[in-house]
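Hi everyone, thanks for coming along.

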Amino acid sequence: MGKRRSGLTAGGPPRVAALLSALFLLLAACVTYLTTTPAAADGTDACTATKGAVVAVDFGPFGGRVERGCDTSPTTGYNLLHDTGFTTAGTVHDGPAFICRIGFASFNSGTQYPTPDKESCVLTPQATAYWSYWIAAPGQHDWTYSPQGAMDRKLKNGDIDAWVYGGTDVGGSTGQPAFTPDDVRAGSTGTPDPGSTPTGAPGKVDTGAAAAWLRSSLTDGERIVDDGATTPDYPLTADTAYALAAADGKSATLDKVTGFLAAHAADFAYPNGTDQAPDATAVARLALLAETTGRDPRTFGGHDLLAALTGNVCAAGPEGDHPLSGCTAKGDFRASSYAEGQALAVLALLRAGVTPPAATVDRLTQLQCKGGGVTSILIRPGEYCDGDPATTGLVALVLHRAGGHEAAVSSARTYLAKSQRADGAFPGSTGSDTGSVTATAYAAQALRALGDTVRADAAVGWLSRQQLKGGGFGFDEGATDPAVYATSPAVLAGAATSLVTLTTTTPPPPTTPPADPTVPASGGPDLKKGVAYLTKAANLKGGRYYGDGFTTGRADFGLTIDGAYALAATGLDNAGLRGIVDFLDHGGKDGTGRTVNDWTGVGTAYAAGGSLGKTALLAEAVGRDPRHFAGHDLVAALAKSVCAGPSTAPDRSCAAKGAYTYAPSVFAQALAVMAQLRAGEKAAAARPVAYLESLQQPSGAWPSLIPSSGDLDVDSTAIAAMALKLAGGTAADRAVDRALAWIASKQLADGGFPGAAGDSVNSAALAVQGLSLNAGTYAAKITKARHFLAAQQNADGGFNVAKGGQRGSDLRASTQAVGGATGISFGTLRGSLTGTTPQPTPSPSGSAPEIVTTGSSSAGAGGATASGGEGGVLASTGAQVGALAAIAALLVLAGWRTVAVARRRTDPGRQR
């Protein structure tokens, strides 16, 4: 065995040649296997409920219908498509395994869709427009998003597959087929009709003309007063504000209307007096207006609107021991009465970063009728239920934003699809044939958010034909009199927005990455490739967290947040950033059942100040509220973790006055300080800032550990400088200047910096961040350090731990290198979640598809210390694992020694 091991690593020509020959032969065999020639379909009549498998492909978005095929001897999902007469094309990036186009001989002469002018199929398509893969087992009445690729799915008799073009999220919780498995199962009659694809002419709403009409409808330019009335109509005034925000963005008129509503917040929200329960619908409208215009809903008009909502949730209905007025059932917001108010109240909390009480969200699902529609009235469970498209659209929007209720959202989408007329309109109620502007507007908003752009565009086209000469809209088709109530939602639909996303604030750019992120300024590393490495499925488990590298399924939450910081700094994968943030914020569990709260210890006697600070800082960086993150007030927990003095052995919780509990390093202290300062808690952070300042050595450097270990550490000095720069003040500024001068003095000839691992990537990246606090003075050294980082980047996009050490990408080093190369301080880091969709929290054992970052390189061999792989691929059309396993085996033979050596290496940064 020793001779064989020696011969392989020595690279003897005969043995290497044999290895390569075997590899190439196997590759050739796999290419032959993966390129399947379509066969003739068996015809669905040949299959029965117990014999054969059926596949259905919905060509509705392309003007076709649902086409079916059957194979009496099914093998895999991929072969089922080809063996039943369908043709497919993959992507250049992923090969034929990722199904990018599908065609069928009897539809448009076999043209494959989407056509090249719509999708190049070079890289992985975006999650908003691709062929998603759905499956149903024998007897199953609902679709399941396939956890496997089509090549991996082994079919059995009675199985049903479906392919739908449109949008879904990472976990496939949206975008289900609009038909059921029973509609296409063998033995069903006719072609399934998920609601025929609308054929109405396209068109655009003139939002400018509509806004002009709304402005002309205002009394004194600030309020809506109904005809014949003398008092303001507050709800319609709020609706007008929403429409002006959608059409004009920031404007003097919008400011005036918003100011009027703020001044009359008590009249609107507390019609019975401020000592009585508020009108939840009114409170929600005001809160949403505040959030849309960048104001604080906790102080809007002198009222804490969020507290007014969370403080008035019904614990029970009339059957309770102490029934409250205005409560129909548990989870109602008091005095809501209608589903609209319930939905708006939930949405107002969600947009403010507050997790709504679970019962309030569940209550929305209880309003869903059997056919998927949602009733407009807050009925009690079991009462008569009659849905309508307007309410269904609004509730679907809110449930989609909330996440976790995918079945209800899918059912609502199916209801909307079946309710839409051929011309794109939606009726206002069951049994009506008349197109309703309000219903069509809300349905269009929901369908667009759910990725059904074809139906949404058809609805907007119909709306454009209902717009009156003066710019407004009437209630129904053919109306001649405009109404504010109908015009407002029509404007939002025409502007392709909704109350879920409406905003007049332009979020600051999350970063200032170079114009071409592939070649960063100063010749630094390839950030696009770096981000692709950080987010690939083999590293980022289910798109949610990084593993600890040792225990199967156990998350390294600290490393996961490091990865989120890197994504926020580059701004190159905000959807991936959203996946991590939602996982942490919504209490996502790793494979062992742990959440981020188990890591921080929040709410326990072992709360770790550094971990609390690190988590709170992420919330602040992406615009979430650290006072309502992962179900806890992290800001209050941080304040509580500040030590009043050193603890006495055996208690090791507090190192000194101003330290944080169980914060063993300068790194932890600095992160917690920045979290408190960014939360506006300057007074509460005073003692921690003073303690951090006291740790600075005469040289200007900081040690790595608390209490001081006496060493001088580049990483710790850089992070301390970032914290004190944020703190500000004469003493802090002097400390920062000394720190940067010391860091600059430690740069090595190759541009790197010394760290625990040697000529360290971590240290170089943090040095770039630190020196960038005074970029003008240290520009040359920053450039040199970026060149060093670029030299340590591997072909897969990841980074080595250090120069001169074992080559191989390391996740921890890579997270720091990617974020650090931007030069953005943690004190000012901002990432954007704008335009992203909520990511459902997966079960500990679940897997989610991999979405490859557009423009990323193909995944390399991965790092020697990169976490192992879990997860699937977008659309579940991943490569055939069985066919490629032998290739992996040969590659493992070639590189097993690298892995073995790397696993023995100590990771110097693991405790951060």
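**A walk through the model**

Let's begin at one pair: Val55 has Gly69 as its bridge partner in strand 2. Before going further, this is a predicted model, where local features need pLDDT of at least 70, side-chain atom pairs count only at pLDDT 80 or more, and totals for chains, interfaces and linings use all residues. Residues are numbered from 1 along each chain as its sequence is written, and side-chain values use heavy atoms, with hydrogens and water left out.

When I say helix or strand, I mean a DSSP run, numbered from the N terminus: helices are H or I with at least four residues, and strands are E with at least two. The protein has 31 helices and 14 strands. Of its 912 residues, 55% are buried, and buried here means under 20% relative accessible area with a 1.4 Å probe, protein chains only (exposed is over 50%, and partly exposed is in between).

Back to Val55. In strand 7, its bridge partner is Asp161. The strand that pairs with strand 2 is strand 1, residues 53-58: the two run antiparallel over 6 bridges. Strands count as paired if DSSP finds at least two bridges between them. Asp58 has a partner in strand 2 as well, namely Val66. Towards strand 7, residues 160-166, strand 1 runs parallel, and 5 bridges join them.

Where do these strands sit in the sheet of 5 strands? The sheet is open, with mixed pairing, and its order is 2-1-7-5-6. Strand 2 (66-71) and strand 6 (144-145) are at the edges with a single partner strand each, so one side of each has no neighbour in the sheet.

Is strand 1 enclosed or open? It is largely enclosed by the rest of the structure, because 6 of its 6 residues are buried. In a regular strand, side chains alternate between the two faces of the sheet. Look for that here: Ala53, Val55 and Val57 point one way from strand 1, Val54, Ala56 and Asp58 point the other way, and all are buried.

There is also an open sheet of 3 strands, in the order 12-13-14, with antiparallel pairing. Its edge strands, strand 12 (753-755) and strand 14 (802-803), each pair on one side only. Asp759 stands opposite Lys803 in strand 14.

Now for helices. Two packed helices are described by the angle between their axes and the distance between the axes. Axes are lines fitted to C-alpha atoms, for helices over the stretch in contact, and angles run from 0 to 180 degrees between N-to-C directions.

Take helix 26 (residues 714-727) and helix 27 (residues 730-745): they pack at about 155 degrees, with axes 9 Å apart. They are therefore roughly antiparallel to each other; the cut-offs are under 35 degrees for roughly parallel, over 145 for roughly antiparallel, 65 to 115 for roughly perpendicular, and oblique for the rest. From helix 26, the contact residues include Val714, Ala718 and Ala721, and from helix 27 they include Ala735, Ala739 and Trp742. Contact means heavy atoms within 4.5 Å.

Helix 15 (residues 437-449) and helix 16 (residues 453-466) pack at about 150 degrees, with their axes 8 Å apart. These two are therefore roughly antiparallel to each other as well. Among the contact residues are Ala444 and Leu447 of helix 15, and Ala459 and Trp462 of helix 16.

One last stop. How many of the residues of helix 18 are buried? In helix 18 (residues 527-535), 7 of the 9 are, so to speak, tucked away: the helix is mostly covered. Among these buried residues are Val531 and Thr535. The elements covering them include strand 10 (540-541), strand 11 (545-546), helix 19 (557-570) and helix 30 (811-820).

Within helix 19 we find Leu567, which is buried, with a relative accessible area of 0%. Not counting residues up to four places away in sequence, Leu567 touches Val531, Thr535, Leu572, Asp573, Gly576, Leu577 and Ile580. So where is Arg578 relative to Leu567? The two are 11 residues apart in sequence, and 9.6 Å apart in space, C-alpha to C-alpha.
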